[in-house]
Amino acid sequence: MTFMKKTGLVILFLCISASIFSQGKKAVFALPRDIEVREEMDRLLFRFTYRVRIETDTVKSSEGHYYDNQALEIGENFNRYYSLFAENMDSVKFKAKSEGVEGYIPAVNLNDDEYGTYEEIFFNYPDKGEITVYNRFHNTVYEYSEPVPSLHWDISSRTDTVLGYECFMAEAEFRGRVWRAWFTYEIPMPYGPWKLGGLPGLILKAEDTDSLFVFEMVGISDFRNGDMHICRYDERTRKCRREDILRLNDMRGVAPDRLNEMHGVKSSTTYMVRDHVTGSNKEISYGEYMALTGGAIYIPQMENE
């Protein structure tokens, strides 16, 4: 979120979440991207859409989660995995910018328990057998590359049905978590959500054994007869290691102030927020602000090591 240090009675207006009372408890640590800098990089063949549930509170599980719609795009040369909700937020920003609107709500088209994840993964990019991962914190984009992960799956005889496809269950341990995946031989593609893949068929459903992360396919689109493309944002990036991203993600819950300051966003001890319904301003403490926005929450990571 964008913060300004309060001096005297200076009012802090939140340019990202000015309508904070209407958005529910969302912690915003990434500013939407400029869709004008997107560039076409490959012809799009298929898009597989997953409904993703992410737990954010392993104690109060009744309200400690949010949803994201994420997509796996298959191209002629590259694959891309990204958040459809994040792209929706980018489009809202572009529309607001084109109409000269300030103080837009980036999640205006989403429910209170929905939010976009600013991480995207390109497979076989820039080189075959390699993945490049982009993570966005405020206005800074971090980039790291690594070999396509190799998971050692144990395929069982257990089955399930997803979108009408018969799926078989497989289990593998990957970077500190045990994953269960349901794949179908009817779509012989060795891909899946996030970094999961390597099975003799497309993964339609996956979850870790702690049920902190659940992916389930909800849509399949065939673009082979069209003229759609896989795109990437042509932005300046900061090269880093995967371990650096794990550390930054941890800071969202344990040290959000420090994370903000690292990216040039100053925090305040007192905030003035505006209720977009009544138009009135209200001064709240830092603790009240974090409770209101859900900023100081524990967010588990898919990679524990």
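**Cavities and aromatic rings**

Q: Which residues lie nearest the centre of the largest cavity?
A: In this predicted model, the largest cavity has a lining of 13 residues. Of these, the ones that lie nearest its centre are Glu 120, Tyr 134, Val 141, Tyr 233 and Glu 235.

Q: Which elements give two or more residues to the lining of the largest cavity?
A: The chain holds four helices and 15 strands, and the elements that meet this condition are listed by number and residue range. They are strand 4 (119-123), strand 5 (130-137) and strand 12 (229-233).

Q: How much space lies in the largest cavity?
A: Rolling a probe the size of a water molecule over the atoms shows where empty space is left. In this structure there are five cavities of 30 Å³ or more. For the largest cavity, the space comes to about 110 Å³.

Q: Is the aromatic pair of Phe 46 and Phe 48 stacked or edge-to-face?
A: A pair of aromatic rings is described by the distance of the centres and the angle of the planes. The structure holds 13 aromatic pairs, and in the one formed by Phe 46 and Phe 48 the centres are 6.0 Å apart, with 10° between the planes. Planes under 30 degrees apart meet the cut-off, so the pair of Phe 46 and Phe 48 is stacked.

Q: Are Phe 46 and Phe 48 buried or exposed?
A: Phe 46 has a relative accessible area of 14%, while Phe 48 has a relative accessibility of 1%. Because the limit for this class is under 20%, Phe 46 and Phe 48 both count as buried.

Q: Why is the pair of Phe 137 and Tyr 142 edge-to-face?
A: Phe 137 and Tyr 142 are both buried, and their ring centres are 5.8 Å apart. Planes over 60 degrees apart count as edge-to-face, so the pair belongs to that class because its planes stand at 75°.

Q: Which ring lies under the charged end of Lys 205?
A: Arg 80 lies over the face of Tyr 82, at 3.7 Å from the ring centre. The charged end of Lys 205 sits 4.7 Å from the centre of another ring, that of Trp 182.

Notes: Residues are numbered from 1 along each chain as its sequence is written. This is a predicted model: local features need pLDDT of at least 70, side-chain atom pairs count only at pLDDT 80 or more; totals for chains, interfaces and linings use all residues. Side-chain values use heavy atoms; hydrogens and water are left out. Rings of Phe, Tyr and Trp (its six-membered ring) pair if their centres lie within 6.5 Å; planes under 30 degrees apart count as stacked, over 60 as edge-to-face and the rest as tilted. Buried means under 20% relative accessible area, exposed over 50%, partly exposed in between (1.4 Å probe, protein chains only). A charge sits over a ring if NZ of Lys or CZ of Arg is within 6 Å of the ring centre and within 35 degrees of the ring normal. On a 1 Å grid over the protein atoms alone, a cavity is a set of points where a 1.4 Å probe fits but cannot get out, and a pocket is an open set with protein on both sides within 12 Å along at least five of seven lines; lining residues have an atom within 4 Å of a point. Grid points are joined across faces, edges and corners, and a volume is the space filled by probe spheres set on the points.
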